[in-house]
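Here are a few exercises to work through with the structure open beside you. Try each task yourself before you read the solution.

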Amino acid sequence: MQAHCPASSTRGSIMHQYTPISLTIEIWGDGAVGKTCLIQRYLYNKYVVEYDPTIEDTHIVVRGGCRIKFVDASGYNGLIRDAEESEDERNAPRVIIIAFELTSSSSLEHAKVLREKIPRGVGFILAGTKVDVGHGREVADNGKAAAQSFKCGYFRVSAQNDVGVKELFKAAIKLGLGSQAPTDDPAAVGSESRP
Ligand SMILES: Nc1nc2c(ncn2[C@@H]2O[C@H](COP(=O)(O)OP(=O)(O)OP(=O)(O)O)[C@@H](O)[C@H]2O)c(=O)[nH]1
Ligand SMILES: [Mg+2]
């Protein structure tokens, strides 16, 4: 699917209404590996210490003529494609970030199971989270080996300390939009939660 971002870089509510989704970035992964914190850090520069399991949240951002939808999936409820998606949204390119926790081998095993669920042709990246915790060297190396066998990108990140988060999302946007990727970082213009 060819990504399409209109030449105009108008931002804000007008664009929010009229511009179709250019790209959907979904974060998959086991419960509590830090998916929500990654999105919160990237889009709002916030870090949430309390754990509040996600049902599913959607955030829409507009940047450089592109409207990007971020889907924060649940670690426990299974992966459900949003039934309310418009045709534009369904047709937009998708990129999936599979997150696992660098200190948890079981979350890496779960990431491998999730990888099998990615439809053919959809780009994906593996992300090892909570690198600030400081243990998990072996799991980190196993993550690297898994990414090599999947032939996908691999990032070790910390939402808490803001390590590697921008680089991870920048790579995801580039993977989805190629040369159409905006050069500046997204800022959220609209966010919605869908139970
Ligand atoms: N030390 C550390 N803790 C983190 C980091 N990111 C998230 N956490 C903590 O891990 C817990 C779970 O984070 P969430 O982002 O809610 O996890 P999730 O993957 O969205 O979980 P579900 O919504 O249930 O699937 C929270 O208590 C966070 O504060 C990090 O980079 N470092
Ligand atoms: Mg969550």
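**Exercise 1.** Why is H2 largely enclosed by the rest of the structure?

*Solution.* Before we start, a word on the ground rules: this is a predicted model, where local features need pLDDT of at least 70 and side-chain atom pairs count only at pLDDT 80 or more, while totals for chains, interfaces and linings use all residues. Residues are numbered from 1 along each chain as its sequence is written, and chains are lettered from A and ligands numbered from 1 in the order in which they are written.

Step 1: find the helix. H2 covers residues 35–44; helices here are DSSP runs (H or I, at least four residues), strands are E runs of at least two, and both are numbered from the N terminus.

Step 2: sort its residues by burial. A residue is buried if 20 or more other C-beta atoms, placed from the backbone, lie within 10 Å of its own, exposed if 12 or fewer do, and partly exposed in between. Lys35, Thr36, Cys37, Leu38, Ile39, Arg41, Tyr42 and Leu43 are the buried ones in H2.

Step 3: conclude. H2 is largely enclosed because 8 of its 10 residues are buried. For the chain as a whole, buried residues make up 40% of the 195 residues.

**Exercise 2.** Work out how H2 sits against H6, and which residues meet.

*Solution.* Step 1: compare the axes, which are lines fitted to C-alpha atoms over the stretch in contact, with angles from 0 to 180 degrees between N-to-C directions. The axes of H2 and H6 come within 10 Å and cross at roughly 90°. That makes H2 roughly perpendicular to H6 (under 35 degrees counts as roughly parallel, over 145 as roughly antiparallel, 65 to 115 as roughly perpendicular and the rest as oblique).

Step 1: list the contacts, meaning pairs whose C-beta atoms, placed from the backbone, lie within 7 Å. From H2 come Leu38, Arg41 and Tyr42, and they meet Val165, Lys166 and Phe169 in H6.

Step 2: sort them by type. The contact of H2 with H6 has 4 nonpolar residues, no polar and 2 charged. (Ala, Val, Leu, Ile, Met, Phe, Trp, Tyr, Cys and Pro count as nonpolar, Asp, Glu, Lys and Arg as charged, and the others, Gly among them, as polar.)

**Exercise 3.** Which residues come nearest to ligand 1?

*Solution.* Step 1: a residue is near a molecule if its C-beta atom, placed from the backbone, lies within 6 Å of it. Of the 23 residues around ligand 1, the nearest are Gly34, Thr36, Pro53, Thr54 and Gly75.

Step 1: look at where the shell comes from. Helix H2 gives the largest share, 3 residues. The shell divides into 10 nonpolar, 10 polar and 3 charged residues.

**Exercise 4.** Is Ala99 buried or exposed?

*Solution.* Step 1: Ala99 is found in strand E4. With 28 other C-beta atoms within 10 Å, Ala99 is buried.

Step 1: check its surroundings. Leaving out residues up to four places away in sequence, Ala99 touches Ile27, Gly29, Val33, Gly34, Lys35, Leu38, Ala127 and Thr129. Val33 is 66 residues from Ala99 along the chain, yet their C-alpha atoms are separated by 6.8 Å.

Step 2: follow the sheet. Strands E4 (residues 94–101) and E5 run parallel, joined by 7 bridges; strands pair if DSSP finds at least two bridges between them. Phe100 has Gly128 as its bridge partner in E5. Of the 7 residues of E5, 6 are buried.

Key. Two residues are in contact if their C-beta atoms, placed from the backbone, lie within 7 Å.
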